[in-house]
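Biologist: I'd like to learn how to read helix packing and nonpolar cores. Could you walk me through an example?

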Amino acid sequence: SHMAKTYPFNALLARMKYITRWSLMHNSRPESLSEHTADTALIAHMLCRIARQYTGTGADIRPDTVATAALYHDAPEILTGDMPTPVKYKNDALRTAYKAVEAESARAMAGLLPPEISAETELYLTGAVLSDSERKLLKAADRLSALIKCIEECQSGNREFEAARRQQEAALHEMQCPEAEYFMEHMLPCYTQNLDELTRGRF
């Protein structure tokens with residue numbers, strides 16, 4: 001019987017749920033790459049709409065494209081594993097090497113698809129599908145997801161994440177991204193509220 005040619009790309013994507021982030025730290029609740037990816041995509045989509053509506057920087061921002069790129073943005077980690085940030089950014093040599101590993105991983109992943117689909121998919125995996133302003137919003141969303149994780153860990157009494165929380169906050173302000181500032185002012189405070197506080201008198 002003739003076996004159809006198979007393409008393992010999507011089956012590999014489904015394994016993002018087995019990759020754990022923050023691997024060097026004690027976590028009150030482990031965070032999978034899948035969770036981080038979904039959170040980042042939702043935040044990125046929101047930042048794009050804030051850009052179009054409130055900050056006046058987003059006339060040509062494409063929320064759906066950015067959200068989709070966000071869904072793919074960490075997929076190359078399926079092949080590389082989660083590399084702890086201190087290692088990634090230790091020095092220029094390591095940073096450059098890591099970028100090359102990421103690019104190679106994206107190319108390898110895209111190669112697991114039919115050629116007609118492969119090239120476009122690689123643009124999502126690398127973020128090359130995005131403009132510079134869109135890429136900045138995705139980066140901000142990625143950092144906001146990390147900051148929210150730090151806030152949640154601190155809330156549950158885990159002191160491990162105190163320094164990381166300060167670092168993420170500082171990195172976000174340094175980006176000078178008005179959309180991220182809007183999110184931090186109007187949306188971030190709600191992450192420390194319980195369900196009753198979030199919904200009381202609103203529904």
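**Helix crossing and core**

Modeller: Happy to; keep in mind that this is a predicted model. Let's start with a pair of helices: H2 crosses H8 in a right-handed sense.

Biologist: At what angle do H2 and H8 pack, and how far apart are their axes?

Modeller: The angle is about 125 degrees, and the axes lie 8 Å apart. Angles of 65 to 115 degrees count as roughly perpendicular and those over 145 as roughly antiparallel, so H2 and H8 come out as oblique to each other.

Biologist: Which residues make the contact?

Modeller: H2 brings His36, Asp39, Thr40, Ile43, Ala44, Leu47, Cys48 and Ala51. From H8 come Leu137, Leu138, Ala140, Ala141, Asp142, Leu144, Ser145 and Ile148. By type, that contact splits into eleven nonpolar, three polar and two charged residues.

Biologist: Now the core. How many residues does the largest nonpolar core have, and which of them have the most contacts inside it?

Modeller: A nonpolar core joins buried residues through side-chain atoms within 4.5 Å. Here the largest one has 29 residues, with Leu47, Leu144 and Leu172 making the most contacts inside it. Helices H2 (33-53), H3 (63-72), H8 (132-155) and H10 (178-186) each give two or more residues to this core. H8 supplies the largest share, eight residues.

Biologist: What does Leu144 touch, leaving aside its neighbours within four places in sequence?

Modeller: Leu144 is in contact with Ile43, Leu47, Leu172, Ala180, Phe183 and Met184. Apart from this core there is another, of 13 residues, including Leu33, Ala75, Met109 and Leu113.

Methods. Residues numbered from 1 in each chain as written. Predicted model: local features only at pLDDT ≥ 70, side-chain atom pairs only at ≥ 80, totals over all residues. Heavy atoms only, no water. Buried < 20%, exposed > 50% of the residue type's maximum accessible area, 1.4 Å probe, protein only. Helix = DSSP H or I, 4+ residues; strand = E, 2+ residues; numbered from the N terminus. Contact = heavy atoms within 4.5 Å. Axes fitted to C-alpha atoms, helices over the stretch in contact; angles between N-to-C directions. Parallel < 35°, antiparallel > 145°, perpendicular 65-115°, else oblique. Left-handed = near helix turned anticlockwise from the far one by under 90°. Nonpolar A, V, L, I, M, F, W, Y, C, P; charged D, E, K, R; others polar.
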